[in-house]
Amino acid sequence: MKQKREAFRFIVISSLTILCLLASTAAMGETKNIKWQHLSSTKGQIPKPDVGRQVATLILDIDKDGMNDFIIASYEKIAWFQRTANGWKRYAVENGTKGVRIEAGGDFHDIDGDGDLDILEGAQSRAGERWWWENPCPDFQPERP
C-alpha cells in the first residue's frame, strides 16, 4: 500500500521551470557566486511549450544523462524538453488522446521498476482516475508520443 501511495502522490510544482532548474544547483550546496539568468520562450531562449493552457510542470532526468529536463502539460497534451549540449529539444509525450483531461500537478516515479522515470498525471474532475506514461528510454522519437 505504501508503494502505491508513493507512486500516486501529487505535488504542485511552480511553472517557473528554468528558475527551478537553477535552484536545484543551490540546493546541492553550490551556493557561492550564483548568478540567476531568466530564460524565456517568448524571447526564443527555450522552446515554446505549444501544448495549450499549461496545468503542470515537472523537472526530472528522463533520458538518464545526468541533466534535468522538464515536462510541460496542458489539459490534453504533454511535451518533454530534453536538455542537450546545444540547447533544448522538444518531444511529444501526449498529443491529445480522446478522454485525456489532465488536472493541475503531476509527478514522476519509476513505476514499473525498469530504471527510468515515468510520468503520472491525475484526471480533471474524475475522482480517482490517473494516467501513466511509460518512459520509452532509450528509444526517444520527437514526433511519436
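Start by selecting Gly99, which sits in the loop between strand 4 (87–95) and strand 5 (107–109). Strands here are DSSP runs of E with at least two residues, numbered from the N terminus. One thing to know before you go on: this is a predicted model, where local features need pLDDT of at least 70, side-chain atom pairs count only at pLDDT 80 or more, and totals for chains, interfaces and linings use all residues. Residues are numbered from 1 along each chain as its sequence is written, and side-chain values use heavy atoms, leaving out hydrogens and water.

(Buried means under 20%, exposed over 50%, and partly exposed in between, using a 1.4 Å probe and protein chains only.)

Gly99 and Glu76 are 23 residues apart in sequence, yet their C-alpha atoms are 8.5 Å apart in space.

Next, select residues 69–74, which make up strand 2. Six of the six are buried, so strand 2 is largely enclosed by the rest of the structure. Look along it: Asp69, Ile71 and Ala73 point one way, while Phe70, Ile72 and Ser74 point the other. In a regular strand the side chains alternate between the two faces of the sheet.

What are its neighbours? Two strands pair if DSSP finds at least two bridges between them. Show residues 54–60: this is strand 1, antiparallel to strand 2 and joined to it by six bridges. Find Leu60, whose bridge partner in strand 2 is Asp69.

Last stop: residues 77–84, strand 3, which pairs with strand 2 in the antiparallel sense over four bridges. Here Ile72 stands opposite Ala79. Strands 2 and 3 form a hairpin, with two residues between them.
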